[in-house]
Amino acid sequence: MRLIYQLSLGLLLILPVISSHAEEESVWDKAQVSYFGPSNITVYRSPTCGCCKKWVDHLEQHHFTVKDITTDNMQTLKQQYGVPRELASCHTAIINGYVIEGHVPADDIKRLLMEKPKITGLTVPAMPVGTPGMEMGARKDPFYVLQFNEAGQSKPFNTYQNY
């Protein structure tokens with residue numbers, strides 16, 4: 001009887017570890033795009049934003065070298081880098097002259113850097129649930145990664161419906 005009790009207690013101690021590990025896994029963890037070019041990215045974010053830090057972690061998992069700068073002047077930075085108000089999100093990053101706004105998946109940034117289109121940058125406006133850094137269980141809202149130019153015009157760069 002004592003052995004059964006010890007085994008049961010052992011399972012109770014192990015199960016939370018197993019289930020918490022499963023929660024940490026994300027659809028965004030596995031790279032689909034291979035990129036071997038420059039990977040230094042500067043991320044500007046509010047010091048109180050937890051989802052921004054999770055997005056930084058996502059970039060680091062994909063082998064980006066992140067300079068993480070916290071600031072209370074996010075609106076000024078967005079204006080400085082030409083992010084239109086309607087395309088804004090919570091953090092702004094700069095890589096190889098491109099602006100990355102919001103929870104853009106790392107593989108889309110890699111694709112941008114390989115294709116080198118003549119645009120200002122990429123954005124995932126607002127903060128859709130399910131994007132890198134915005135994972136909330138099984139909920140995954142459809143979203144677009146938009147490319148935008150100096151005039152603030154945008155069009156889809158990638159679409160995520162069932163991911």
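Mentor: In this predicted model, a residue is called buried when its relative accessible area is under 20%, exposed when it is over 50%, and partly exposed in between.

Trainee: What makes the contact between R111 and E115 a salt bridge?

Mentor: The side chains of R111 and E115 meet with a distance of 3.0 Å from N to O, and since the definition asks for a side-chain nitrogen of Lys or Arg within 4 Å of a carboxyl oxygen of Asp or Glu, the contact qualifies. Both residues lie in helix α4 (residues 106–115), four residues apart, which is about one turn of the helix.

Trainee: How do you know that K53 and D57 form a salt bridge?

Mentor: The closest N and O atoms of K53 and D57 are 2.9 Å apart, and the cut-off is within 4 Å, so the pair is counted as a salt bridge.

Trainee: Why is D141 called partly exposed rather than buried?

Mentor: Buried requires a value under 20%, whereas D141 has 22% relative accessibility, and therefore D141 counts as partly exposed. Its salt-bridge partner is R139, with the closest N and O atoms 2.9 Å apart, and R139, at a relative accessible area of 49%, is partly exposed as well.

Trainee: How many salt bridges does the structure hold?

Mentor: The structure holds six salt bridges, among them the one between K53 and D57.

Key
Residues are numbered from 1 along each chain as its sequence is written. This is a predicted model: local features need pLDDT of at least 70, side-chain atom pairs count only at pLDDT 80 or more; totals for chains, interfaces and linings use all residues. Side-chain values use heavy atoms; hydrogens and water are left out. Helices (H or I, at least four residues) and strands (E, at least two) are DSSP runs, numbered from the N terminus. Buried means under 20% relative accessible area, exposed over 50%, partly exposed in between (1.4 Å probe, protein chains only).
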